[in-house]
Amino acid sequence: MEEIFNGFDPELQFQTWNFPMVINGWVHKITGSEFKVLWYILRHTYGWQKESDTISYSQFRFGIKKRDGKWVDKGTGLGVNTLKRAIAGLVKKGFIETIKERNKEGEFQTTIYKPRFKNTIDPKTGGGLTVARKRIEQS
């Protein structure tokens, strides 16, 4: 039998984080998988009062489980190829930016994701920025 959602906690109405109203009027321009990924990024940035967050594909897909066994969330449930397309679509449409850092060996590390703020359009693509940068390791 499929699991059924038990309903929203009545305390939800008193939480301080509200889903960003700025996307009203834009939701119809993104796919369902892009919406899932955008929601996940917003939850892990705005939801935790952070500007950006390092999120692995595994976290996007399956969620985050704490050491004590409790789930922070269960991810988006998307497959790898769908996830890649959704992220690329959100960057192209200007909803998010990605920062792909490299370690001192030059290998890419887990990508940093952030909502794209106003006036940060990539002049070459017209969308959000994808930045590859080398992390400076402190000795």
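These are my notebook entries on a predicted model, element by element and contact by contact.

**Ground rules**

I number residues from 1 along each chain as its sequence is written, and side-chain values use heavy atoms, with hydrogens and water left out. As the model is predicted, local features need pLDDT of at least 70 and side-chain atom pairs count only at pLDDT 80 or more, while totals for chains, interfaces and linings use all residues.

**Entry 1: the overall layout**

I began with the elements. The chain has 3 helices and 6 strands. I took both from DSSP runs, numbered from the N terminus: helices are H or I with at least four residues, strands are E with at least two. Read from the N terminus, the order is α-β-α-β-β-α-β-β-β.

Next I looked up burial. Of the 139 residues, 30% count as buried. Buried means under 20% relative accessible area, exposed over 50%, and partly exposed in between, with a 1.4 Å probe and protein chains only.

Then I checked contacts, meaning heavy atoms within 4.5 Å. Among those with a separation of 6 or more, 52% are between residues 24 or more positions apart.

**Entry 2: helix α1**

Helix α1 has 13 residues and reaches 19 Å from its first C-alpha to its last, close to the 18 Å expected at 1.5 Å a residue. The expected span is 1.5 Å times one less than the number of residues.

I listed the buried residues of α1: Ser33, Glu34, Val37, Leu38, Tyr40, Ile41, Leu42 and His44. An α-helix has 3.6 residues a turn, so residues three or four places apart point the same way.

**Entry 3: the core**

I looked for the largest nonpolar core and found 18 residues in it. The rule takes buried Ala, Val, Leu, Ile, Met, Phe, Trp, Tyr and Cys residues joined through side-chain atoms within 4.5 Å. Val37, Leu38, Phe60 and Ile96 have the most contacts inside this core. Helices α1 and α3 (80-92) each supply at least two of its residues.

Leaving out residues up to four places away in sequence, leucine 38 touches Ile23, Ile30, Leu90, Phe95 and Ile96.

**Entry 4: glutamate 34**

Is glutamate 34 buried or exposed? Glutamate 34 is buried, at a relative accessible area of 5%. This residue lies in helix α1, residues 32-44. Its side chain reaches the backbone nitrogen of threonine 31 at 2.9 Å.

I then listed contacts beyond four places in sequence. Glutamate 34 is in contact with Lys29, Arg85, Ala86, Gly89, Leu90 and Lys93.

**Entry 5: salt bridges**

I counted 3 salt bridges. The rule asks for a side-chain nitrogen of Lys or Arg within 4 Å of a carboxyl oxygen of Asp or Glu.

Lysine 93 pairs with glutamate 34, with the closest N and O atoms 2.7 Å apart. Lysine 93 sits in the loop between α3 and β4 (96-102) and glutamate 34 in helix α1, so the pair ties together parts 59 residues apart in sequence. I noted the accessibility of lysine 93 too: at 39%, this residue counts as partly exposed.

Aspartate 53 pairs with lysine 50 at 3.0 Å between the closest N and O atoms. Aspartate 53 is buried at 15%, whereas lysine 50 is partly exposed at 34%.

Glutamate 51 meets lysine 114 at 3.2 Å, N to O. Glutamate 51 lies in the loop between α1 and β1 (53-54) and lysine 114 in strand β5 (residues 112-115), so this pair ties together parts 63 residues apart in sequence. Lysine 114 counts as buried at 14%.

**Entry 6: strand β5**

I stayed with β5 and checked its side chains. Ile112 and Lys114 point one way, Tyr113 and Pro115 the other, and all are buried.

Which strands pair with β5? Pairing requires at least two DSSP bridges between two strands. Strand β1 runs antiparallel to β5, joined by 2 bridges. Threonine 54 has isoleucine 112 as its bridge partner in β5. Strand β4 is also antiparallel to β5, with 4 bridges. Isoleucine 96 has proline 115 as its partner in β5.

**Entry 7: two partly exposed residues**

Valine 72 is in strand β3. At 32% relative accessible area, valine 72 is partly exposed. Beyond four places in sequence, valine 72 is in contact with Trp48, Ile64 and Lys66.

Glycine 79 is in the loop between β3 (71-73) and α3. Glycine 79 is partly exposed at 31%.

Terms used:
Polar contact = N/O pair within 3.5 Å; in protein donor to acceptor, adjacent residues only side chain to side chain.
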